[in-house]
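This briefing is for a reader who has not seen the structure before. Please look over the sequence and the model first.

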Amino acid sequence: MSAPAWETPLPAVPRARGWRALSDRQRGWALAAILLLALAAVALLLPWLAPYDPAAIKLSARLRPPAWEERGTLANLLGTDNLGRDVLSRVLHGARLSILIGAAVVAISASFGVLVGLVSGFAGGRVDTVLMRWVDIHVAFPGLLLSLVILVILGPGPGTVVLALALNGWMVYARQMRSVVLSVRQLPYIESAEMAGARPARILLRHVLPNLAAPLITLMVLEFARVVLAEAALSFLGVGVQPPGVSWGLDVANGRNYLTSAWWLATFPGLSIALTVLGVNLAASRLRLALDPREREKDFARRLLARGRR
Amino acid sequence: MSPTDRAARGLPRFLMARVLQDLLVVVGVTTIVFIVTRLVGDPVQAMLPVDASAQDRAVLAQALGMDGPIWLQYLHYLRDIALFDFGNSIWQARPAMDIVLERLPGTLTLCAGALGLAVLVGVPLGIVAALRPGQWADRISVVLSLSGLSLPQFWLGLLLILLFAVTLNWLPSSGADAPGSAVLPILTLALPALGRIAMMLRSALIDELNSLYVRTARAKGLRSSRIVLVHALRNAAVPTVALLGWEFAAMLAGHTVVVETVFAWPGLGQTAVQAIERQDLVLLQAVVFFIAFLIVILNFCLDIVYRLLDRRIAV
């Protein structure tokens, strides 16, 4: 007689390893960590890779075109600017300030916005009304113009740029965190915790806060991209980072004066902004797919639909 | 009673509430600006050269109404704003409001052109993208919206100048005098908006096409074009109209500043930057307030349109 069914060994299932063994959620977090490391590495390493001092003026080598152009030399791969400074070195150094300012603004505005959103969503009632009305007022104001006024009054520079941008950036966090808190509050396990006599602070920190992590990280990545663009625009307009400092926006503004004679001056710093922001935006959409189950379902349905129609 | 009637009947009360809220917004905004400019910073110092004497400062402070106790300054400030009296521009020595009104048409021309272009191209693109997901129109709208999200607008403008004005020599690179000089600034303003509108319409339309009423219409044997263009599109249009309003506000609030600077286009945004270069805070404040005021009015109108369009929002 053969052995009963429950005694036959199960067929060996090949264990998934590495990336494939991770759940979508874990992949999302891995992706976020990789992005963060990559940005930190770019900010730290790129300036170190620069062949020259970005501020070294060499008038004998003014306006040299990139290496592949006719008069270009290998010594200056992306050419030199109107003062003979190496464009490649300036582009590499510009990365640091853009990323640092972006990170600082996101950190400040996210902390403040999350605080407002948590309090507003959790306290409810009159506190909620007042805080959200404040957010409404702030959102209605033209952001870039307010930044311009602040920067003119306080004087330009990296610190004031961070302040001006953070002042305009916190509202979106407050709104989103509030809505997440409101929806989480309805869940049975929060009620159980309340029933069990947990203090509000404990409920907020232990049970509500972890739910905010996934939407928050996606929003922060998206905002980072927006802030990098905003900083570049402010520096381009001449109220952001000032000349001894190296900023992509500033270099594009400088290159604008040589548009007809030296196209490379405005092109390469601008391209660096575009590629940085594009990369961060793509990462944000991948992150949303990985971390938000609803988005994942939508994506799945979309692909089914696309396959069916074809 | 049709839903539209009900919406119209509830409108007066809604309008009252909105006007009150908007007044609050205006007062709030002016207060924020007052705090930032008068308490945190020193406008007199920002407007004078570093080596100005104490007497110069006193004269300017008096001229700007920035002497005396702070609460009195605040009241005067609120009164001036209520009367739309921002004082004389220091740079041009005439009322700042006159300059603002002079430059306003330039900015509105750009916005209108860009919004028109974005709708004319973005809406058909969004419809085709929704009907054929994954095909060329879908790909184009994805690429456009991603580049709109990622390309710095000032750089996009410079690239367009490089291509159309410097290399091809088809269009003027800057100013507003030569014919066709509005084309490049409008294109620069429109491109990001265009991608966003196409994407928004696409996703809204896909949601509508998967809904029950569309299935019913199909079951009844309605023609596909009628289902899409009449039934689904009408509902999908609601968020798209909201986005259009948002785009308009975003253009006023910042995009035109950058684009007008790149193309030396005589509008409000360029005026703001010129005012900064000449340290003319009076003019800068006038521009900022006027634009903030326009945006509040714009949001107000949009809310009404939105309510009339979307019958699901009960007033």
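The notes below cover a nonpolar core, a pair of packed helices and one proline.

The model is a predicted one. Its largest nonpolar core has 162 residues. Helix 8 of chain A gives the most to this core, namely 20 residues.

**The nonpolar core**
- The residues with the most contacts inside the core are V149(A), A114(B), L284(B), A286(B), V287(B) and I291(B).
- Beyond its neighbours within four places in sequence, A286(B) is in contact with F86(B), A96(B), M97(B) and V100(B).

**Two helices of chain B**
- Helix 8 (residues 153-167) of chain B packs against helix 9 (residues 183-209) of chain B at an angle of about 135°, and their axes are 10 Å apart.
- Because of that angle, helix 8 of chain B counts as oblique to helix 9 of chain B.
- The two helices of chain B, helix 8 and helix 9, form a right-handed crossing.
- On the side of helix 8 of chain B, the contact involves Q153(B), L156(B), G157(B), L160(B), I161(B) and F164(B).
- These meet L184(B), L187(B), T188(B), L191(B) and P192(B) in helix 9 of chain B.
- The residues of this contact comprise 8 nonpolar, 3 polar and no charged.

**P215(A)**
- P215(A) lies in helix 8 of chain A, which spans residues 200-237.
- With 17 other C-beta atoms within 10 Å, P215(A) is partly exposed.
- Apart from its neighbours within four places in sequence, P215(A) is in contact with Q176(A) and V180(A).
- Y173(A) is 42 residues from P215(A) along the chain, and their C-alpha atoms are separated by 9.7 Å.

How values were computed:
Residues numbered from 1 in each chain as written. Chains lettered and ligands numbered in written order. Predicted model: local features only at pLDDT ≥ 70, side-chain atom pairs only at ≥ 80, totals over all residues. Helix = DSSP H or I, 4+ residues; strand = E, 2+ residues; numbered from the N terminus. Buried ≥ 20, exposed ≤ 12 C-beta atoms within 10 Å, placed from the backbone. Contact = placed C-beta atoms within 7 Å. Core = buried A, V, L, I, M, F, W, Y, C linked by C-beta atoms within 7 Å. Axes fitted to C-alpha atoms, helices over the stretch in contact; angles between N-to-C directions. Parallel < 35°, antiparallel > 145°, perpendicular 65-115°, else oblique. Left-handed = near helix turned anticlockwise from the far one by under 90°. Nonpolar A, V, L, I, M, F, W, Y, C, P; charged D, E, K, R; others polar.
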